[in-house]
Each structure stands twice: as C-alpha cells, then as structure tokens.
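Have the sequence and the 3D view open as you read.

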Amino acid sequence: MRTLEELTRPNIWKLKPYSSARNEYSGHQASVFLDANENPYNSPTNRYPDPLQKELKLSLSKVKEVNPENIFLGNGSDEAIDLQFRCFCEPGIDNVVAIEPTYGMYRVCADINNIEYRPVPLDEHFEFKADHLLAASDKHTKLIFLCSPNNPTGNNLPREEMIKVLENFDGLVIIDEAYKDFSDSPSFLKELSRFPNLIILQTFSKAFGCAAIRLGMAFASLDIINILNEVKYPYNVNQLTQQKALEMLQRYYLVERWVKTLKEEKIILKEKLSQLPIIKEIYPSDANFLLVRVTNAEKIYNYLVDKGIIVRNRSSITLCLNCLRITIGKSIENEKVLSALKAYPAEKN
C-alpha cells in the first residue's frame, strides 16, 4: 500500500481544519455556554450538536464491535462516499475503479469532483475477478469501489476476490455494505486491523428503517478517520439525527426482528413471483430486494404505476435489460404487487 500521505491530496494533507467552539471545549463539566454565539432560548435545539458524535459512536461501537475511533458518521453514506473523492483524488489527474453495474452515486461523485471513473463490467452471474479490476487501475488510481451485497443485483460479491483486491491494490478499497444486515455472509468489519487500506460503508437507511434521518457510517483506520473528520463540515450530523439513532440502538432487537421478517418475506415473494409467466428470471439476492427480469420492463413498470405500485425499472443499467428491482415490503404490500402482476394481461407484451 502507498502511504496515506501519498494517497491523500497534498492540499488536504496540509489542511488546517476549521476549529469549532464545541471542538475546542472538552474535559470539564459546564453549565454556562457563551462560546458559540448561540441563542440561550429554545433549549435543547438552540445548542450546536456534538461535532464528533461521541455518545452515538460509543453506543454504535458496542453493536458493531468496532472501536469508536474507527467510526466516521456522515449525512447519509453519500457524504462518506463524496469525502473519499475530496480527500484522496486530485481532480483531472486521479481516477477510481468500480464494478458495473453498481450503486450510481460512485459515478456521480466522480463526475462532480472531476475524477475519471473506470467501470469494469461484472460477468453474466454478476460476479467479478480481482485481476480485471487491478488491470483497469494504474498509478493514478486512488480508490476501488465494491458494493456487497451489490445494488442493483442483490448478490454478495465473491469474498476471495475481494480479499485479493485488498491484498494487491496499493490504494484504498471501499466496500459498501449498505445491505449487509440482510446477508448471511460476514461483514468485513473484522478485517479492519488486517487491511489498513480498507474503508467499510454502512447505513441506518436500510435495516434500521431510518432512511429519513440521513445517517451513514464509515469504518476505517484511525488515520483515515482523522482525515475524513478534518474535511467534513463541522456539524454534519444534527442533534435530532443523533438522538434518533441512539434510540434505535437502544432498541436494536427491533432491527433484528425486522431483518428476520423481511428475509422470510423475500423467500415467499420469490417463490410466488417464479410462478408468473411474465417473470423470466429472479436473481439470487442477499439484500432486501429482488432483481427480476420480466418480459417487458417498461410496460410492466407503467402498468404497476397505474395501480399505485412503485418498483424500480433498471432496464437502462448495464446487464439489466428488462429488469425490475422490487424492494421487500410488508406482507400486505408484497401481496398487492403479486396480485397486480398476476392480473397483468399477457397481450400487453
């Protein structure tokens, strides 16, 4: 691996970060706060939130079994993704490599930051070979993105190939585990100490049922986390989000119950979908959705919209022609989509 200084943009490495009032104060009990030009009225929302979310990270560390200093929290996973480009990739010079198809924000962030994006197509089983990703990289490749379980395909990527990338790439490898709670395969969190070039992304949006609070997680070495904290905006995670996340962590048994139920519902939905003549293929899924190839994705999508049922048409995505992505809902929601698809007229194709 190249040193972290070699991987970091020179201006970021030399950056003197903004020092907020709440960063400068620590270590003593206080009852009078006159340091941050806050309005003394309208408690508790009149006060700035903890810029480093210390209480939340401590609670999260117990669930994830990761040291608090190895956790970065952001405004959704998208902030953590964007920070990888802003911290490590020199615009107009560096590039990143990613599998294709995958989560679209990697390419969007690359385009916004003027970073060359190099997609490497998956095979017909939506799997990849490490050698193909490594062959697409060069001395200006700073990041490789792997999403597992992958979106929109739903499958876990082959673990041995992911490890091969980690072992042979001298830049940073970002493994996006947004859907890992729904998978039976182990997270890469246990591998953080083994691979100093590893960054793992997770989220409160999926299994935690907290998409509205916009809270993403990144796990990495202390040195990488420190760089992300220096570049992020001072109060990037608001107090209401922190409080709601703490409440959810205290009720983590609910998350485990939801995951169990959704995995059971996925099995039922997959079995019933497979009996419909308009369904051509249902791909293996380790996530909370199914990627389904149908006879005519556009017509069936529009038909479902007319019925008030919204799925995702993925036909425009590489390797996903005539594919719909169906999120696993409550039992009654899954039955509604099944009933609608059963009634879909064959002549519409």
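Let's start with phenylalanine 126, which sits in the loop between strand E3 (116-121) and helix H7 (130-136); helices (H or I, at least four residues) and strands (E, at least two) are DSSP runs, numbered from the N terminus. This is a predicted model, where local features need pLDDT of at least 70, side-chain atom pairs count only at pLDDT 80 or more, and totals for chains, interfaces and linings use all residues. Residues are numbered from 1 along each chain as its sequence is written, and side-chain values use heavy atoms, with hydrogens and water left out.

Back to phenylalanine 126: its phi is near 60 degrees, a positive value in a residue other than glycine. Phenylalanine 126 is also buried, at a relative accessible area of 4% (buried means under 20%, exposed over 50%, partly exposed in between, with a 1.4 Å probe and protein chains only). Glutamine 53 has a positive phi too, near 50 degrees. You'll find glutamine 53 in the loop between helix H3 (21-24) and helix H4 (54-64), buried with a relative accessible area of 1%.

## Cis prolines

Most residues other than glycine have a negative phi, and most peptide bonds are trans. Against that background, check the bond from glutamate 100 to proline 101, which is cis with omega near 10 degrees. Proline 101 belongs to the loop between strand E2 (95-100) and helix H6 (105-112).

Asparagine 151 and proline 152 are likewise joined by a cis peptide bond, with omega about 20 degrees. Look for proline 152 in the loop between strand E4 (141-147) and helix H8 (159-168).

## Nonpolar cores

The largest nonpolar core has 54 residues; such a core is a set of buried Ala, Val, Leu, Ile, Met, Phe, Trp, Tyr and Cys residues joined through side-chain atoms within 4.5 Å. Phe128, Leu133, Leu146 and Phe204 have the most contacts inside this core. Leaving out residues up to four places away in sequence, leucine 133 touches Val97, Ala98, Ile99, Val120, Phe128, Ile144, Leu146 and Val165 (contact means heavy atoms within 4.5 Å).

## A crossing pair of helices

Helix H5 (residues 76-88) packs against helix H9 (residues 222-231) at about 95 degrees, with the axes 10 Å apart. Axes are lines fitted to C-alpha atoms, for helices over the stretch in contact, and angles run from 0 to 180 degrees between N-to-C directions. That makes H5 roughly perpendicular to H9 (65 to 115 degrees; under 35 is roughly parallel, over 145 roughly antiparallel, the rest oblique).

On the H5 side, Leu83, Gln84, Arg86, Cys87 and Phe88 meet Ile224, Ile227, Leu228 and Val231 of H9.

## The open sheet

Four strands form an open antiparallel sheet, ordered E8-E9-E11-E10; two strands pair if DSSP finds at least two bridges between them. Strand E8 (279-282) and strand E10 (312-313) are the edges, each pairing on one side only. Three antiparallel bridges link E8 with strand E9 (residues 289-294), and isoleucine 282 has valine 292 in E9 as its bridge partner.

Helix H11 (residues 252-273) packs on this sheet and touches E8, E9 and strand E11 (323-327), its direction making about 10 degrees with that of E9. Helix H12 (residues 297-306) packs on the sheet as well, touching E9, E10 and E11, with its direction about 35 degrees from that of E11.
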